[in-house]
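Please open the model in your viewer and keep the sequence panel beside it. The stops below say what to select next and what is found there.

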Amino acid sequence: MRALFGALLRALPWLLLFSILFAGALYIGLNFVTPRYTAETKILIESGESEITRAGAGADEVRALLDSEGVASQVQLIGSRDLATTVVDSLGLASLKEFNKPRFLPSFDQMLVRMGLGRPVAEGPLEERVLQRFADKLDVFSIDKTRVITVGFSSTNPQLAAQVANAVADEYLALEREARRSTNADATRWLESQIADLRGKVTTAEGKVEAFRTEHGLFSGGQNNTSLAQQKLNDLNTELARLVAARSAAEAKAATVRKSLSSGTTPDVPDVRDSQLIQRLREQQVALRAQIAQMSATLLPAHPRLRELNAQLADLDAQVRREVTRILQSLEGEAATARAREADIGQDLTRAKAATGQTNNDEVELRALEREATAQRDLLESYLKRYREASSRQDGNYLPADARIISRAAVPLEPTFPKKLPITAAATIALLLLAIAIILIRELTSGRALRRISVEPPPLAPTAVPVEDRKRWNDAAPEVVPTLVAAGPALGRGLSAEAQDSLNSIVDHIVDSKARRVLISMAGPDEAGRPLAAVALARALSRRGNRVLLIDLHADGADSKAMAAGEGLPGLTDLFAGIASFAQVIFRDRRSRAHLIPHGLLEFGPEAAKGERFVSILEALDQTYDQILLDADAALALQMAPQAGAVILVTEGNADDAGTTSAVEAMKAATSAEVMVLIATAPSADDEDATPEAAVA
């Protein structure tokens with residue numbers, strides 16, 4: 001990044017000078033460009049009908065008349081070829097050089113054709129050329145969320161621009177009126193023919209209705225305009241109901257009287273109660289009973305006078321019973337008469353029902369004929385109403401257009417092209433950005449921006465032991481700053497075929513098992529230093545095309561130096577503490593596509609490996625990388641073992657050593673993942689061909 005900024009700073013004076021010169025030349029060149037002026041006329045699309053002359057159109061129809069599709073259609077009409085032809089002819093634009101000038105450099109094109117280097121192109125008729133240039137200069141568009149259409153026209157002559165814009169708007173309104181006039185005339189002629197035809201149909205249909213009614217006697221009358229048969233049926237039903245009620249009342253009265261006679265009492269029914277004879281007989285009975293009661297006080301029951309009075313009283317009782325019996329016979333006669341009348345009315349009702357059924361069938365056909373006649377009559381009346389309205393509009397020449405001009409074009413004072421300052425500024429900025437991009441691309445492609453500055457390595461530790469032409473990390477000497485001076489990590493380069501096969505077998509095993517988190521640790525303490533097996537494994541996995549990340553959990557920083565990330569860099573501990581982001585702690589290996597997260601500047605203990613934040617960091621990294629290698633010491637490895645998908649223990653001794661065996665057993669007890677042992681044999685003075693070995697436990 002510093003190299004890129006340096007390249008930009010070095011080129012900045014030349015960039016500024018070139019930009020100033022370009023801006024000045026462009027501004028001066030724009031002064032020689034012929035200016036173009038644009039005039040605009042605004043048209044409002046609305047219903048031209050007033051509330052007085054609008055025939056039967058409600059508010060909903062008016063709103064639906066000019067929707068967004070309707071406005072878009074009007075835009076296409078204004079930009080149509082027919083309208084343009086009319087405006088060009090009316091203003092005589094074909095005679096202006098601005099519209100009829102030939103193509104650019106025609107003589108040059110003809111020269112190329114003569115030399116055989118080009119194909120002859122027809123100029124086209126003058127009318128087509130004028131219309132094409134007129135269309136190029138005309139700009140018609142609708143303003144968003146409104147019903148306003150803007151008609152703009154550009155020209156080198158400001159007066160001509162305003163004149164053409166207004167002429168297009170006027171011609172559009174005239175075209176609208178003419179279209180409505182033509183449509184109205186066509187509709188009037190069509191209505192005339194339809195009305196003449198409908199009049200004959202209405203007369204025929206109404207004649208059929210009257211003939212059918214007369215033929216079948218379907219005359220209506222009464223309160224509800226019912227037929228005679230139906231009215232007769234209704235009357236019979238009413239009479240039958242009355243007779244049934246009278247018979248039921250007579251039978252009920254007769255039963256009451258009969259019951260009273262059988263019990264020896266006088267029935268209390270209206271016919272008995274209202275009888276004049278019975279009333280007089282009861283009055284006489286009351287008088288006799290009064291006399292008998294008066295004489296009984298002085299005379300004995302066997303007295304002749306009392307016997308005479310009792311005989312008279314008995315005779316009166318007999319007369320009352322005879323009168324009641326006569327009333328009973330009268331009631332029974334009424335019931336019999338009503339019953340006979342019911343039978344007669346029932347027969348009449350049966351005949352009336354049959355006649356009504358036939359009449360109803362005839363009325364069904366009659367109603368069908370009436371519906372046909374009514375439909376023809378309604379259609380005729382509708383056509384007559386429309387015909388009168390169309391004729392009145394045609395005669396009165398009242399055909400308003402569905403649009404009006406709300407702003408006529410004025411002669412523009414300022415040109416719309418060229419805008420010298422905006423064009424100069426935009427072109428200069430674009431050119432400046434292009435020059436900066438070219439400088440950055442050139443710097444990146446040269447490799448100078450990605451080249452690292454090499455520094456002299458620090459002195460080696462006194463107890464450093466060579467391993468295959470590479471140095472080992474050693475922190476046993478406290479007086480020496482711990483460092484690693486290595487051309488590459490152990491197991492990372494220059495391996496024998498057997499050692500490389502062993503390393504490849506571990507890589508194959510990790511890839512096949514799809515282990516995402518691989519834990520790497522030493523099987524035991526190594527006072528002479530530790531081989532950088534994690535770096536070699538990361539590079540081997542990255543060469544398989546996997547996205548690999550190595551997290552260095554050792555505080556010595558050996559992995560970071562081996563992968564050329566440097567020292568004193570922020571890393572995992574800074575990310576864990578929240579003082580650095582992922583982008584600040586992830587570095588790329590100098591010899592592969594593997595990435596590295598250094599240890600960092602803070603401490604990271606075994607308890608932190610159990611925290612939720614560390615688990616969240618690993619889960620976030622799982623979304624990006626195929627394998628995450630965790631290079632940790634033995635104590636920290638035991639804490640992180642449950643989170644690993646595979647474990648690799650690195651040892652420089654024998655796989656059967658007690659220390660290695662105990663480390664493997666402890667790791668197997670801490671995790672259910674597969675545990676592999678990587679044996680790294682350091683070269684001796686007698687055997688320079690000794691190579692590391694790898695094994696799977």
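**Stop one: a group of aromatic rings**

Begin by selecting F99, which counts as buried because its relative accessibility is 0%, where buried means under 20% relative accessible area, exposed means over 50% and partly exposed lies in between, with a 1.4 Å probe and protein chains only. Before going further, please note that this is a predicted model, in which local features need pLDDT of at least 70 and side-chain atom pairs count only at pLDDT 80 or more, while totals for chains, interfaces and linings use all residues. Residues are numbered from 1 along each chain as its sequence is written, and side-chain values use heavy atoms, with hydrogens and water left out.

Rings of Phe, Tyr and Trp (for Trp, its six-membered ring) pair if their centres lie within 6.5 Å, and the planes count as stacked when under 30 degrees apart, as edge-to-face when over 60, and as tilted for the rest. By this rule the count comes to three aromatic pairs. In one of them, F99 and F153 are stacked, with 6.2 Å from centre to centre and 20 degrees between the planes. This pair links distant parts of the chain, since F99 belongs to helix α5 (residues 97-100) and F153 to strand β3 (residues 148-155), 54 residues apart; helices (H or I, at least four residues) and strands (E, at least two) are DSSP runs, numbered from the N terminus.

Is F153 buried or exposed? With a relative accessible area of 0%, F153 is buried. F134 counts as buried at 1% relative accessibility, and F99, F134 and F153 form one aromatic cluster.

**Stop two: salt bridges**

The structure holds 13 salt bridges, a salt bridge being a side-chain nitrogen of Lys or Arg within 4 Å of a carboxyl oxygen of Asp or Glu. Select E46 and R404, which form a salt bridge whose closest N and O atoms are 2.4 Å apart. E46 lies in the loop between β1 (37-45) and α2 (59-65) and R404 in strand β6 (residues 403-407), so this pair ties together parts that are 358 residues apart in sequence. E46 is partly exposed at 27% relative accessibility, and R404 is partly exposed with a relative accessible area of 40%.

Next, select D402 and R180, whose side chains meet in a salt bridge of 3.4 Å, N to O. Because D402 lies in the loop between α12 (304-396) and β6 and R180 in helix α8 (residues 158-216), the pair ties together parts that are 222 residues apart in sequence. D402 is buried, with a relative accessible area of 17%, whereas R180 is partly exposed, with 24%.

**Stop three: a strand residue and its contacts**

Finally, move to S142, which is found in strand β2 (residues 138-142) and is partly exposed, with a relative accessible area of 35%. Which residues does S142 touch, not counting residues up to four places away in sequence? They are V71, V75, V148 and I149, where contact means heavy atoms within 4.5 Å. To finish, select A72 as well: the C-alpha atoms of S142 and A72 are separated by 7.4 Å, and these residues are 70 residues apart along the chain.
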